[in-house]
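Here is a brief report on one structure. Please look over the sequence and the model before reading on.

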Amino acid sequence: MARITQVSGSGNFRFFLLDTFAGNAIIPVFNIFLPILAIRIGADALQVGLVGGASTAVYAFMPFVMGRFSDRRESRKFFVLSALAILTIVSVLYAVASNPMMLIALRIVEGMAWSMFWPVIEAEITL
């Protein structure tokens, strides 16, 4: 059986691969269940739409900003761990959200966290 050797500079590949798996598992859960949660706590149609799209709206432009910082190899792991910490906190706060405006604000913060997460992962994997 052939043994796969590690390419130099990719010592963190497994770390980033595991984080990518976690990110891809989490995004659909947020995208499906948060608009349903918004309806359950009394959101109108506009608020449900904002809950559904606020994260994506932020993610439309923020990766370009965060990508400039992800080019620094020393800070990549910090950005990934910070983004995962923010996403964990936001996930806990989703559970205690009492109104649709709180969900919208949390979705904006979530979009910022994903903007920290994905450019760093892409930069690390492509190098």
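## Model and confidence

This is a predicted model, in which local features need pLDDT of at least 70 and side-chain atom pairs count only at pLDDT 80 or more, while totals for chains, interfaces and linings use all residues. Residues are numbered from 1 along each chain as its sequence is written, and side-chain values use heavy atoms, leaving out hydrogens and water.

pLDDT is the predictor's confidence in each residue, from 0 to 100. Its mean over the protein chain is 84. Of the residues, 87% reach 70 or more. Helix H2 has the highest confidence, at a mean of 92. Helix H3 (residues 62-70) has the lowest, at 77. Over residues 1-8, pLDDT stays under 50. For that stretch the model has one contact (heavy atoms within 4.5 Å) beyond four places in sequence.

## Overall fold

The protein chain has five helices and zero strands. Its elements run α-α-α-α-α from the N terminus on. Helices (H or I, at least four residues) and strands (E, at least two) are DSSP runs, numbered from the N terminus.

The chain holds 127 residues, and 39% of them are buried. Buried means under 20% relative accessible area, exposed over 50%, and partly exposed in between, with a 1.4 Å probe and protein chains only. Among contacts with a separation of 6 or more, 81% join residues 24 or more positions apart.

## H1 against H2

Helix H1 (residues 13-40) packs on helix H2 (residues 45-59) at about 155°. Their axes are 9 Å apart. H1 is therefore roughly antiparallel to H2. Angles under 35 degrees count as roughly parallel, over 145 as roughly antiparallel, 65 to 115 as roughly perpendicular and the rest as oblique. Axes are lines fitted to C-alpha atoms, for helices over the stretch in contact, and angles run from 0 to 180 degrees between N-to-C directions.

H1 contributes Leu 34, Pro 35, Ala 38 and Ile 39 to the contact. H2 contributes Val 48, Val 51 and Gly 52. By class, the contact has six nonpolar residues, one polar and no charged.

Ser 55 sits in helix H2. Ser 55 is buried, at 6% relative accessible area. Beyond four places in sequence, Ser 55 touches Arg 107, Glu 110, Gly 111 and Trp 114.

Pro 119 lies in helix H5 (residues 100-126). Its relative accessibility is 11%, so Pro 119 counts as buried. The C-alpha atoms of Pro 119 and Gly 67 are separated by 5.4 Å. Along the chain, Pro 119 and Gly 67 are 52 residues apart.

Methods. Ala, Val, Leu, Ile, Met, Phe, Trp, Tyr, Cys and Pro count as nonpolar, Asp, Glu, Lys and Arg as charged, and the others, Gly among them, as polar.
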